[in-house]
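Trainee: I have the sequence and the 3D picture open, and I would like to go through them slowly with you.

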Amino acid sequence: MVNMENPLTQRLSSDRKTLTLDSEHTSIEEVTQYLAAFTDLKILNIYNFDDMGDREAVALAGKLKKLTCLESLSIHNFDKASEELFGCVDRQKFWNMDDSLRRHNNIGDEGAVALGLAIKNLKTLKELYIIVNDMRGEGAKAWASTILDLTKLKKLCFKVPGEEIETFLSAIENLDLTMLGLRGMKNDESRLLTGVLRKNQNLRSLWLQDNNMGSKDLKTLGSDLGNLRSLHMLGLANNAIGYDGVIALAPELG
């Protein structure tokens, strides 16, 4: 039974369509109770559960799959410093935040697979912002399948998996996104973005922070970035681009 006097309930919008859950006001165990009570949500934000692991993610997945009206879903962590810095929890600003300001969940492959299968049912989903910190090969494959089914998705921010990244990115190529954020690529993995950029020609915002990108990577992606005529915002913070990378990219962006 949901306690309507709980301070958390104040984070439910007046039309009962938007709910924000965070660990300051409730436990992970209570989250599933709230989701069971508000099944017609359109916007759901789950923040700051740095103790969320596979077991909790599996339980969460069982409730998420029933939110068939959901249009926007956020599952990631912020800390108090970032909330004070931005004045409120802004999903786009959060995504651009330096990684040192973040707290981290412990969701691995088991939880990632369960969440992927649940979210696969959310056919109305238009926005998805999610960080699964320890996802590997099986999780990546499950999410690739999920993304292929989210045909209405327009905004996607995701921490890339530690394995099977090519499989994961190939699925994104099939979307028609206006906003894309990807973090966590290693070494020269950013070269795999070529197909994503060429097939998502309606991108207006592209956030590529914390991807170990260097000047060589920008030279590889430069022409594809330059061909994104609808692009208004490009984020490249916390990489190793340097002066040479900026010089290489500038002519492509005009």
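Trainee: Which residue in strand 6 stands opposite Cys 157?

Mentor: This is a predicted model, in which local features need pLDDT of at least 70 and side-chain atom pairs count only at pLDDT 80 or more, while totals for chains, interfaces and linings use all residues. Residues are numbered from 1 along each chain as its sequence is written, and side-chain values use heavy atoms, with hydrogens and water left out. Helices (H or I, at least four residues) and strands (E, at least two) are DSSP runs numbered from the N terminus, and two strands pair if DSSP finds at least two bridges between them. Strand 5 and strand 6 (residues 179-183) run parallel and are joined by 5 bridges, and the residue opposite Cys 157 is Gly 181.

Trainee: Through which helix does the chain cross from strand 5 to strand 6?

Mentor: This β-α-β crossover is right-handed, a term used if, with the strands pointing away from the viewer, the path from the first strand over the helix to the second runs clockwise. The helix on this path, residues 165-172, is helix 7.

Trainee: Which residue in strand 5 is the bridge partner of Ile 130?

Mentor: Strand 4 (residues 127-130) runs parallel to strand 5 (residues 155-159), and 4 bridges join them. Together with helix 6 (residues 137-149), strands 4 and 5 make a right-handed β-α-β unit. The bridge partner of Ile 130 is Phe 158.

Trainee: Is Phe 38 buried or exposed?

Mentor: Phe 38 is found in the loop between helix 1 (28-37) and strand 2 (43-47). Buried means under 20% relative accessible area, exposed over 50%, and partly exposed in between (1.4 Å probe, protein chains only). Because its relative accessible area is 4%, Phe 38 is buried.
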